[in-house]
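Subject: Structure handover and notes

Hello,

Here is the structure you were waiting for. Please open it next to this email and follow along.

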Amino acid sequence: MKLEDLGYNEKLEEFRIEQKLDNFEIGRVIAEHKERYVVKTTKAELEAEITGNLRFSATSREDFPAVGDWVALTTYDSGSAIIHKILPRFSIIKRQAVGQFGEIQIIATNIDYAFLIQAADRDFNINRLERYLTICYSSKVSPIILLNKIDLVDEQKINEILESIKIRIKDVPIIAISNETQIGYETIKKLIEKGKTYCMLGSSGVGKSTLLNNLSGRNIMKTDLISQSTSKGRHVTSHRELIVLENGGILVDNPGMREVGITDTTTGLETTFDKIISLSQKCKFKDCTHTNEAGCSVLEAVDKGEIDKTSYENYLRLEREKEHFESTIVERRKKEKKFGKMMKNYKKDINKNKY
């Protein structure tokens with residue numbers, strides 16, 4: 001196997017040469033387990049940890065390795081390795097860390113495309129789909145919508161769902177599939193390119209792991225039976241993992257996400273809700289909130305039916321969430337700065353008392 005088979009490219013090689021990393025081996029993080037990593041190189045899969053220097057110089061979770069990262073490492077005969085440096089990322093899919101305000105959780109890095117998977121039976125939620133799209137656009141990742149479990153509903157229901165997506169979401173490929181009958185699989189396989197990395201995003205039980213197993217032709221991820229009470233597969237995947245497919249594509253499976261809090265989404269929101277953003281330029285007031293102002297072009301379009309009302313309401317919800325997250329980060333940084341200043345003064349006082 002060559003590094004190029006894992007997605008390595010010329011830009012990464014240029015960085016390696018510029019940073020004089022010749023003495024280190026290069027590999028890609030394919031799994032993460034509580035700050036312990038599995039890194040794949042051209043020779044082996046290695047259990048790896050980060051150096052103390054990398055740990056103590058980190059200012060946030062984004063400074064730690066994540067699935068999809070390219071890293072420079074020292075390898076040992078025992079099958080272990082030490083990660084010294086993370087190579088530049090060209091994309092980062094992230095969300096708000098659950099229960100940790102102002103903190104970010106990285107889902108995966110260096111992703112080219114994201115499969116946004118929803119089930120046609122009970123899981124389908126177009127508001128959540130717009131949320132995933134916002135995350136993709138802010139992460140510089142191209143989205144592809146997969147409507148799974150079409151074998152569980154009739155053709156009329158499938159057409160209704162597909163039409164509802166097309167009304168609110170433009171210029172994004174949509175593929176209706178079934179893990180049971182493998183309808184739509186040929187279309188997916190044609191989209192998967194050698195050396196490109198694909199990430200699967202969706203709630204628990206929508207069939208991500210079964211899709212991965214079917215595409216790879218191997219039983220890589222454990223799956224469970226369908227729950228009779230919810231008509232969903234029970235969630236089994238508990239960590240992120242990167243798998244190289246036989247056709248050369250690279251696929252990242254993720255745990256199902258009940259909460260998908262958006263983070264840095266200025267670009268994401270502008271792209272997902274481009275019609276609303278475009279109309280907002282025509283509002284009477286520059287600081288228009290598009291809620292009750294006179295002369296609001298967005299409200300006028302909603303009243304006329306030119307903008308879907310539910311999509312408009314979802315935009316307002318995500319905009320408020322973005323503003324709250326940004327204000328939380330500002331508040332957290334103020335506290336960190338205050339604490340840092342306090343510690344600095346404390347050390348000064350300690351040093352004074354020595355003499």
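Below are my notes on salt bridges, backbone, cysteines and cores.

First, the ground rules. This is a predicted model: local features need pLDDT of at least 70, side-chain atom pairs count only at pLDDT 80 or more, and totals for chains, interfaces and linings use all residues. Residues are numbered from 1 along each chain as its sequence is written, and side-chain values use heavy atoms, with hydrogens and water left out.

**Salt bridges**

How many salt bridges does the structure hold? There are 11. The term means a side-chain nitrogen of Lys or Arg within 4 Å of a carboxyl oxygen of Asp or Glu. As background, side chains of opposite charge can pair when their charged atoms come close.

Start with Asp5 and Lys194. Their closest N and O atoms are 3.9 Å apart. Helices (H or I, at least four residues) and strands (E, at least two) are DSSP runs, numbered from the N terminus. Lys194 is exposed, at 61% relative accessibility. On burial terms: buried is under 20% relative accessible area, exposed is over 50%, and partly exposed is in between (1.4 Å probe, protein chains only).

Next, Lys40 and Glu45. Their side chains form a salt bridge at 3.1 Å, N to O. Lys40 is buried, with a relative accessible area of 17%. Glu45 is partly exposed at 48%.

**Around Arg168**

Arg168 is buried, at 13% relative accessible area. Asp308 is partly exposed, at 31%. Salt bridges that share partners join Glu130, Arg168 and Asp308 into one network.

The side chain of Arg168 also makes a polar contact with the side chain of Asn127, at 2.7 Å. A polar contact is a pair of N or O atoms within 3.5 Å; within protein, one must be able to donate a hydrogen and the other to accept it, and residues adjacent in sequence count only if both atoms are side-chain atoms. Which residues does Arg168 contact, leaving aside its neighbours within four places in sequence? They are Ile126, Asn127, Glu130, Asp308, Thr310, Ser311 and Asn314. Contact means heavy atoms within 4.5 Å.

**Backbone**

Check phi at two residues. Asn110 is not a glycine, yet its phi is positive, about 55°. Asn110 lies in the loop between strand S7 (104-109) and strand S8 (113-119). It is buried, at 2% relative accessible area. Gln182 also has a positive phi, near 60°, in a residue other than glycine. Gln182 is in the loop between strand S10 (174-176) and H5. It is partly exposed, at 36%.

Now look at H9. Ser297, Val298, Leu299, Ala301 and Val302 are buried there. Gly305 follows H9 and has a positive phi, near 80°.

**Cysteines**

The structure holds zero disulfides. A disulfide is a pair of cysteine sulfur atoms within 2.5 Å. Cys136 is buried, at 0%. For Cys296, the closest cysteine sulfur is in Cys288, at 3.7 Å, also too far for a bond. Cys296 is buried, at 4% relative accessibility.

**Cores**

The largest nonpolar core has 45 residues. Trp70, Leu87, Ile93, Leu116 and Leu201 touch the most other members. Helix H3 (residues 126-138) gives the largest share of this core, seven residues. Apart from it lies another core, of 19 residues, among them Phe115, Ile177, Ile188 and Ile192. A nonpolar core is a set of buried Ala, Val, Leu, Ile, Met, Phe, Trp, Tyr and Cys residues joined through side-chain atoms within 4.5 Å.

Best regards
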